[in-house]
Amino acid sequence: MTFLLARRIFRTQPRAVNVRSLREFCSFPERIPPRVRFARKRYCPECGKNVVPGEKDDMREACTRMWKKFMGLDDQHCPLFRACEVKTLEGHEEEPALWEPMPRLKGRS
């Protein structure tokens, strides 16, 4: 059997694919409940909360008004909304690529 003939035969035969390893290779990071990292020092007169840069917290526990606006459930604005970055993908806290600036959401009215 010549090299070219053998190459053509092996190229046309189906290969067994390990589906589990393919799924792990192609998978995206899982979604997690949004976490916020405050980038600036701010005060919220609505809830009376003071935040400092670098403070991290779950968005729902940090401010329910901010969480409702981020999820699109409510249109009330929180003064801390633009003073933080949000992380919605699973990963280590120190990875800068996972932290995104808070989206600029317009009001519904």
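1. Glu85 has 24% relative accessibility, so this residue counts as partly exposed. The value, like the others in this note, comes from a predicted model. The side chain of Glu85 meets that of Arg37 in a salt bridge, with 2.6 Å between N and O.

2. Arg35 and Glu93 meet through their side chains in a salt bridge of 3.2 Å, N to O. Because Arg35 sits in strand S1 and Glu93 in the loop between S5 and strand S6 (100–101), the pair ties together parts that are 58 residues apart in sequence. With a relative accessibility of 23%, Glu93 counts as partly exposed. Both residues also belong to a network of salt bridges that links Arg35, Asp58, Lys87 and Glu93.

3. The structure as a whole holds seven salt bridges. One of them joins Lys49 to Asp57, where the closest N and O atoms are 3.8 Å apart. Lys49 and Asp57 are both buried.

4. Which charged residue is buried yet has no salt bridge? This is Lys69, for which the nearest side chain of opposite charge is that of Asp75, 5.1 Å away. The Lys69 side chain does make a polar contact with the side chain of His77, at 3.1 Å. Apart from neighbours within four places in sequence, the residues in contact with Lys69 are Asp74, Gln76, His77, Phe81 and Leu105.

5. Lys69 is part of helix H4, which spans residues 64–71. The buried residues of this helix are Met66, Trp67 and Lys69. They lie on the same side of H4, because the arc they cover around the axis is only 165 degrees. Their cover includes strand S1 (31–38), helix H3 (59–62) and strand S5 (84–89). Just after the helix, Gly72 adopts a positive phi of about 80 degrees.

6. Pro45 is located in the loop between strand S2 (42–44) and strand S3 (49–51). Its relative accessibility is 54%, so Pro45 counts as exposed. From Pro45 to Pro79 the C-alpha to C-alpha distance is 8.0 Å, while 34 residues separate the two in sequence.

7. For the overall fold, the protein chain has four helices and six strands. Their order along the sequence is α-α-β-β-β-β-α-α-β-β. Among contacts in the chain with a separation of 6 or more, 50% are between residues 24 or more positions apart.

8. Burial and surface can be stated for the chain as a whole. The protein chain has 109 residues, of which 24% count as buried. Its accessible surface comes to about 8600 Å², and carbon and sulfur atoms account for 54% of that area.

Technical notes: Residues are numbered from 1 along each chain as its sequence is written. This is a predicted model: local features need pLDDT of at least 70, side-chain atom pairs count only at pLDDT 80 or more; totals for chains, interfaces and linings use all residues. Side-chain values use heavy atoms; hydrogens and water are left out. Helices (H or I, at least four residues) and strands (E, at least two) are DSSP runs, numbered from the N terminus. Buried means under 20% relative accessible area, exposed over 50%, partly exposed in between (1.4 Å probe, protein chains only). Lys and Arg count as positive and Asp and Glu as negative; His and the chain ends are not counted. A salt bridge is a side-chain nitrogen of Lys or Arg within 4 Å of a carboxyl oxygen of Asp or Glu. A polar contact is a pair of N or O atoms within 3.5 Å; within protein, one must be able to donate a hydrogen and the other to accept it, and residues adjacent in sequence count only if both atoms are side-chain atoms. Contact means heavy atoms within 4.5 Å. Accessible areas come from the Shrake-Rupley method with a 1.4 Å probe; for residues, only the protein chains shown count as cover. The arc is that of the directions from the helix axis to the C-beta atoms.
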